[in-house]
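Let us walk through this model together, going from the outline of one chain to the contacts between chains and then to the confidence of the prediction. Please keep the 3D view open as you read.

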Amino acid sequence: MRRRERRSGAERREARLAWAFVLPALGVVALVAFVPLVGTFWESLHLHDLRMPWLGRPFVGLANYAEALGDARFWSALAHTAAFTVVSVAIELSLGLALALALNAAYRGRGLVRLAVLLPWAIPTVVCALLWRFMFDSESGVANAILAAVGVVPRGFVWFIRPLAAWVPIVLADVWKTTPFVALLLLAGLQNIDPALYEAAMMDGARAGRRFTEITLPLLQPAILVALIFRTLDAFRVFDLIYVLTGGGPGTSTEPISLLTFNALLQDLRFGYGSALSMIVFLVTFLLALGYIRVLGASLTGEER
Amino acid sequence: MRRAVRWVPALAVAALVVAGLFPIYWAAVSSVTPESRLFQTPSLVPGRLVADHYRALFEQRNFWIPIRNSLVVAGATTLFSVSVGALCAYALARLRFRGKPLILAFVLAVSMFPQIAIVSPLFIVLRRLHLINTYPGLVLPYLTFAMPLTIWLLVGFFRQLPAELEEAAMMDGAGRLRTFREIILPLSLPGLATTAILTFLYSWNEFLFALSFTLGPERYTVPVAIALFRGQYQVPWGQILAAAVVATAPVALLVLAFQRRIVQGLTAGAVKG
C-alpha cells in the first residue's frame, strides 16, 4: 500500500515535469496558429475593406460566405483545385508506386538515385516553377523544342495563353517535384515487408501478378494511404507553383482557390471576404485531414497504450 | 522474358535519374549561357560559358540582401522551434501523463493547416504590432509550420532511443531532468541535426507568408525575390536562372551532405506515424 502511494507520487512528479516540457511549445503553436484561425473566422463575419477604412468594420453575418457561394469565379477556382488535385495525385501515386517497385528491385546506383529523388523535393517550389516555365517557353524552351521535333505541338507553340494547355506545365512540374517523395515513402513501406512471405508464396507456386495483389498491395496499404492523404492535402492548397508558373492565367483559367483567396486579401485588400474564402479552404482541408487523423492518429496512439 | 523483367527496373531507375536531374542541369547550364544564345533554339551541350548573369545578379540586383534575409529568418525559426520543440517531443515520447494522444492529434492537425487560412488575421495583428516587413514578422508566422514539424520528427527520434539507458540512469538516482540533459540530448544529436536541417529547408523554401508579410526588396526572402524578378523589356531568364541556382545551392549542399539522414527522417515520420 505504501509502495503504491510512493509510486503515484513519482508519477505525479513525472506528469508535472511533462506538462512543464510540453506547455511552452503548445503555447506557441496555439498562439501563432490556433488563435489566428479563430481570428479568420471572426474576420469572415465582417465587412472589412482596407482600402475603404471609412466604412469601419461592420458585422455582416454570413454575407461574405453568401457572396463566395454566388460567385462563378469561386466555383471555377474550386473546380480547378479539385481537378488539379485528382489528376496530379493520381499520376504521382501510380508513378511513385511503379518507381518504388523498381527501386526495390534494383541494386546499382542507390546513391545517385537518392540524389535524383531528393533534389527535386528539396529545391524551393518557386524555383521549380521557374525551371518548368523556362523549359516550356515558346522560343527558347527545351521541352518545347523536343515536343516540336517529335511533332506533338507546332514550333513556337505558346502554352501559357491557352486555358487547357497552360495546365500541362503545371501538372508536370508538380509531378516532377513530388513523385520522387511518394516513391521514397512507398519504398520504405516495401522494405518493411517480410521477404519470407514472398518465398512462401513462390513455393506455393503463386505467379508474380498474384504475389503483387495478394502480398504487396495489402501490406503496402498503410504507406499508400499516408502518401495519398499527404499529397491530397498538399495539392489542394497549391499556391507557389501556380502563382509563379501562370499567375492563374490566362485570365483566371488556372486560378486555384488559394490564389483566389490570396488576391482577395492582399491585392483587393478585402479582408472580410478573403477571410470567408480562407475559412472555406480550411474547412475542406479539415474534412480531408479528419480522415488522415482517423487513420494515422489511431495507429500512433495505439502504439503507446 | 525473365531477362526482360530484370531490365525493366534498371531502365525505370535510369529514367528516374535522368528525369530528376535534367531540369536542374538545364537551369545550371543556361545560367552560364550568354543572353543572346538563350533565345535561340536550345542545344543540349553548352557552348561558350559566361558568368555575366551571376555578376549582374549580385552587382545590379543586390541579391545578397534576400540571401541574408532568408538566412536570418530560416536560421532563427530553426533555432527556436528545435530548442522549444525538443522538450515537448521528449515529454510526448517518453514521459507518462494523461492527454498525450490529444496533444499529438492537435500537433498533427496544426501541421495540416492550409497556410492561407491564417494569412488575414496574421496580417492584421502583425500590422498592428508594426511587424510587417520585419524579421520577427516572418519568424512568428513560420513557427506555425516549423513547430509541428520539429515536434513530429523529434517524437519519432526520441522513441527510437533504447529505454534501458534512461532506466539505468534513473536507477542511479539521476532525476528526469538530468537524464534528459546528460543521456538523452547527447544521444539524440543526430536526430536533432536532421530535424534542424529539415526545418531549415522548409523555412528557406517558404513563399506564401514571405510574399504576404514583406513589402519591399530590403526584406524579401530568396523565393519572393526570384518570383518578383522583372526585366525592363523582356524576361531576364539568364539572371532568373542564376538566382535559381543560387537559391538551390544551399539546399543541394545540405541534401548532398545529409541525404541518408534526411531520407530516414522523412520516412520515419510518415511511415511509422
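**A guided look at the model**

Chain A is divided into two parts, domain 1 (4-44) and domain 2 (72-304). Bear in mind from the start that this is a predicted model.

Now look at how chain A is built. There are 12 helices and zero strands in chain A, so the pattern read along its sequence is simply α-α-α-α-α-α-α-α-α-α-α-α. The C-alpha trace of chain A spans about 70 × 70 × 30 Å along its principal axes. Its radius of gyration is 25 Å, whereas a compact globule of 305 residues would have one near 19 Å. Buried residues make up 43% of the 305 in chain A. Take the contacts in chain A between residues at least 6 apart in sequence: 70% of them join residues at least 24 apart.

Next, bring chain B into view. Where do the two chains meet? Contact is made between 81 residues of chain B and 85 residues of chain A. On the chain B side, helix α13 (residues 237-272) of chain B gives the most, with 16 residues. The side of chain B that touches chain A has 66 nonpolar residues, along with 12 polar and three charged ones.

From the interface, turn to the packing. The largest nonpolar core has 160 residues, and those with the most contacts inside it come from chain A as well as chain B: A:Ala25, A:Leu130, A:Leu186, B:Cys88, B:Ala89, B:Ile226 and B:Ala244. Helix α7 (residues 136-160) of chain B gives the most to this core, with 16 residues. Both domains of chain A take part too, since at least three core residues come from each of domain 1 (4-44) and domain 2 (72-304) of chain A. To see one spot in detail, centre the view on B:Ala89. Beyond its neighbours within four places in sequence, B:Ala89 is in contact with B:Ile151, B:Leu154, B:Val155 and B:Phe158.

Another stretch of chain B to visit is helix α6 (residues 119-128) of chain B, whose buried residues are B:Val119, B:Ser120, B:Pro121, B:Leu122, B:Phe123 and B:Leu126. After α6(B) comes B:His130, with a positive phi near 60°.

How confident is the prediction? The model scores ipTM 0.90 and pTM 0.91. Chain B has a mean pLDDT of 86, with 92% of its residues reaching 70 or more. Within chain B, helix α11 (residues 208-213) of chain B has the highest confidence, at a mean of 97, and helix α2 (residues 35-38) of chain B the lowest, at 75. Chain A averages a pLDDT of 87, and 92% of the residues score at least 70. In chain A, the highest confidence is in helix α11 (residues 257-267) of chain A, at a mean of 96, and the lowest is in helix α12 (residues 271-304) of chain A, at 77. Over residues 300-305 of chain A the pLDDT is below 50, and this stretch has five contacts in the model beyond near neighbours in sequence. Where pLDDT is low, the predicted coordinates should not be read in detail.

Technical notes: Residues are numbered from 1 along each chain as its sequence is written. Chains are lettered from A and ligands numbered from 1 in the order in which they are written. This is a predicted model: local features need pLDDT of at least 70, side-chain atom pairs count only at pLDDT 80 or more; totals for chains, interfaces and linings use all residues. Two residues are in contact if their C-beta atoms, placed from the backbone, lie within 7 Å. Helices (H or I, at least four residues) and strands (E, at least two) are DSSP runs, numbered from the N terminus. Ala, Val, Leu, Ile, Met, Phe, Trp, Tyr, Cys and Pro count as nonpolar, Asp, Glu, Lys and Arg as charged, and the others, Gly among them, as polar. A nonpolar core is a set of buried Ala, Val, Leu, Ile, Met, Phe, Trp, Tyr and Cys residues joined through C-beta atoms within 7 Å. A residue is buried if 20 or more other C-beta atoms lie within 10 Å of its own, exposed if 12 or fewer, and partly exposed in between; C-beta atoms are placed from the backbone. The radius of gyration is taken over C-alpha atoms; the globule rule is 2.2 Å times the number of residues to the power 0.38. pLDDT is the predictor's confidence in each residue, from 0 to 100.
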